[in-house]
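This report describes a predicted model for computational work. Please consider the sequence and structure below before reading on.

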Amino acid sequence: MTTNYLNDWLRPNIRSLKPYSSARDEFHGEASVFLDANENPYNEPYNRYPDPMQRELKQQISYLKDLAPEYIFTGNGSDEAIDLVIRAFCEPATDNIVTITPSYGMYEVAAHINRVDCIKVPLTNDFKLDAGAVLDAVDNHTKVIYLCSPNNPTGNLLNRDEIYRILKYFKGPVVIDEAYIDFASSPSFTRGLVSFPNLIVLQTLSKAWGAAGIRLGMAFASPGIIAVLNKIKYPYNVSRLTQEYALEVLRQEERMKEQLIGILHERTRLETALQQLPFVRKVYPSDANFILVRVNDANATYNFLVEKKVIVRNRHTVALCEDCIRITVGTPEENRQLLKALNEMKP
Ligand SMILES: *Cc1c(COP(=O)(O)O)cnc(C)c1O
């Protein structure tokens, strides 16, 4: 089932692992009496274990993303896939991952939880990806490269040609975290799955789809990689409640797109208004639903906003983000309150 290519990169114990087989794995289908999983027979439908392979949900995702279900993994947020990829490919105390900085903090945390080193390659001063620098950081123990586009906290898309260089010259798995892709002006990398068997694309219901509370993340990759993630996940990693609500959300793509238009409109309005403020040094262009802003004094701005009961993210201590705050685009009313507060601040 898994390709030869992949076998070379997997941890040997994962390659040879015989996965747990649940009652729902061994029999799934129509029957009238289910006495195979030690469930309480009352309290339908939540007395029953959920579908361990999330088939109906993947069918809907397959339709939306125009990808066969064998290319789709669903888990407890993108965070689950971030962790599983490290556990599948990286030997603790030996291997490492390479990622960029500044970026999403979970790649490093997931690596460290698994006692895997994390090599961080800085973006350029204007937050561009330098593929050569990333490839130079790869050593014999590098098993996965993590990229994030649009990147968090910088908000920009990474250059496609630089990403393609990495996909081409690094033969191991390359993860592209696309949590914010729906807000972006550029298409998803899922189209690249055909040409790059080492590509893993992550998306989520937590941002544009407005469902962070239910915890549903998606990984798209060649069937060999998806089969490995399925082999090592918890058997029932997505609850029935989450599967049901995710289906409901994904069936309302039109609603999502309407909200998207509103959020993008507000993003432009916020960008313009922020640029007028005397203590704002730079408003970074965004392909996401947040804006990175460099101010004269990030700590003072952050604390002032907290007093006004408006919470933004202080990124002052993050690499290349000195005196930067990250502002999520809210409703028109929330953004009005933010701007009102900022206009009351002394430069
Ligand atoms: C918010 C975010 C996610 C979402 O993670 P979930 O576990 O799916 O909620 C993933 N990656 C990045 C870069 C994010 O900013």
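Which residue takes a positive phi just after H4? Asp66 does, with a phi of about 55°. Helices (H or I, at least four residues) and strands (E, at least two) are DSSP runs, numbered from the N terminus.

The model is predicted, so that local features need pLDDT of at least 70, side-chain atom pairs count only at pLDDT 80 or more, and totals for chains, interfaces and linings use all residues. Residues are numbered from 1 along each chain as its sequence is written, and side-chain values use heavy atoms, with hydrogens and water left out.

**Helices H4 and H9**

Buried denotes under 20% relative accessible area, exposed over 50%, and partly exposed in between (1.4 Å probe, protein chains only). In helix H4 (residues 55–65), the buried residues are Leu57, Lys58, Gln60, Ile61, Ser62 and Lys65. Their cover includes strand S1 (72–75), strand S6 (199–204), strand S7 (217–221), H9 and helix H10 (240–250); contact here means heavy atoms within 4.5 Å. Helix H9 (residues 223–232) is itself mostly covered, with eight of its 10 residues buried. These are Gly224, Ile225, Ile226, Ala227, Val228, Leu229, Asn230 and Ile232.

**The ligand site**

Around the ligand there are 14 residues, of which Asp177, Tyr180, Thr204, Lys207 and Arg215 come nearest; a residue belongs to this shell if one of its heavy atoms lies within 4 Å. The shell divides into five nonpolar, five polar and four charged residues. In this division Ala, Val, Leu, Ile, Met, Phe, Trp, Tyr, Cys and Pro count as nonpolar, Asp, Glu, Lys and Arg as charged, and the others, Gly among them, as polar. Helix H5 (residues 77–89) gives the most to the shell, with three residues.

| Protein atom | Distance to a ligand oxygen atom |
|---|---|
| Asp79, backbone N or O | 3.2 Å |
| Asn152, polar side-chain atom | 2.8 Å |
| Thr204, side-chain N or O | 2.6 Å |

Taken alone the ligand exposes 390 Å², and the protein buries 93% of that; accessible areas come from the Shrake-Rupley method with a 1.4 Å probe, and for residues only the protein chains shown count as cover.

Ser103 lies in the loop between strand S2 (96–101) and helix H6 (106–113). Ser103 is buried, with a relative accessible area of 17%. Its side chain makes a polar contact with the side chain of Asn151 (2.8 Å). Leaving aside neighbours within four places in sequence, Ser103 is in contact with Cys148, Asn151, Asn152 and Pro153.

Phe279 occupies the loop between helix H11 (253–276) and strand S8 (280–283), and Phe279 is buried at a relative accessible area of 3%. Phe279 and Leu342 are 63 residues apart in sequence, yet 9.5 Å apart in space, C-alpha to C-alpha.

Asp36, in the loop between helix H3 (23–26) and H4, is partly exposed, with a relative accessible area of 34%. Not counting residues up to four places away in sequence, Asp36 touches Ala23, Arg24 and Phe27. The side chains of Asp36 and Arg24 make a polar contact (3.2 Å).

**Domains**

An automatic or database domain assignment divides the chain into domain 1 (3–251) and domain 2 (254–343). Their C-alpha centres lie 29 Å apart. The contact takes 22 residues from domain 1 and 21 residues from domain 2.

Conventions:
Polar contact = N/O pair within 3.5 Å; in protein donor to acceptor, adjacent residues only side chain to side chain.
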